[in-house]
Amino acid sequence: MKFQPDRLEGANAISRHEPGCVWVNGEPWRSNLLVPTRGAAQAWSAGAFDGLLPADFEAALALQPELVLFGSGARLRFVAPALLRALIERGVGVETMDTPAACRTFNVLSSEGRRVVAALLLEDPAIPTA
């Protein structure tokens, strides 16, 4: 029986998450970020959930995903479809879930070699979400 995790060579992995911090390939991130299956994770200029703009989601297009996993923070929140228009018009799938679920789902899809991007909102744990 195999007890080691499946991981596609060269693919990113989210190894840990907690309020306000996500570890990608063992490195902590404390700001919103985009994580592609392959290539460097990068800071995501998106602000707080209530301030999201169409341009925030267009930034994921440069990473050429087939699917974007939007981690909406500590709880599940859906954005207006107009914000996702650029992704939808280009045939890119979008799944919305809370950030911890998006991290877990990213690892599964990434290990399968899918062209997925996790767009993760990290909230400051000292600031309560309404």
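Is N25 buried, exposed or partly exposed? Select N25 and show its surface: N25 is partly exposed, because its relative accessible area is 38% (buried means under 20%, exposed over 50%, partly exposed in between, using a 1.4 Å probe and protein chains only).

Before moving on, a word on what you're looking at. This is a predicted model, where local features need pLDDT of at least 70 and side-chain atom pairs count only at pLDDT 80 or more, while totals for chains, interfaces and linings use all residues. Residues are numbered from 1 along each chain as its sequence is written, and side-chain values use heavy atoms, with hydrogens and water left out.

**Stop 1: two loops**

Stay on N25, in the loop between β2 and β3 (strands are DSSP runs of E, at least two residues, and helices are runs of H or I, at least four, numbered from the N terminus). Phi of N25 is near 50°, a positive value in a residue other than glycine. Most residues other than glycine have a negative phi. Now jump to Q64, in the loop between α1 and β6. Phi of Q64 is also positive, near 50°, and Q64 is exposed, with a relative accessible area of 60%.

**Stop 2: the sheet**

Select 14-18, 21-24 and 27-29. You have an open sheet of three strands in the order β1-β2-β3, with antiparallel pairing (two strands pair if DSSP finds at least two bridges between them). β1 (14-18) and β3 (27-29) stand at the edges with a single partner strand each, so one side of each is left without a neighbour in the sheet. Four bridges join β1 to β2; look for R16, whose bridge partner in β2 is W23.

**Stop 3: the cores**

Hide the surface and select W44, L52, F57, F70, V79, L87 and L121. These have the most contacts inside the largest nonpolar core, which has 19 residues (such a core is a set of buried Ala, Val, Leu, Ile, Met, Phe, Trp, Tyr and Cys residues joined through side-chain atoms within 4.5 Å). Helix α1 gives the most to this core, with three residues. Zoom in on W44, which touches residues including L34, F57, F70 and L121.

**Stop 4: the cysteines**

Which cysteine has 1% relative accessibility? Select C103: at that value, C103 counts as buried. C21, at 3%, counts as buried too. A search of the whole structure finds zero disulfides (pairs of cysteine sulfur atoms within 2.5 Å).

Conventions
Contact = heavy atoms within 4.5 Å. Lists of a residue's contacts leave out its neighbours within four places in sequence.
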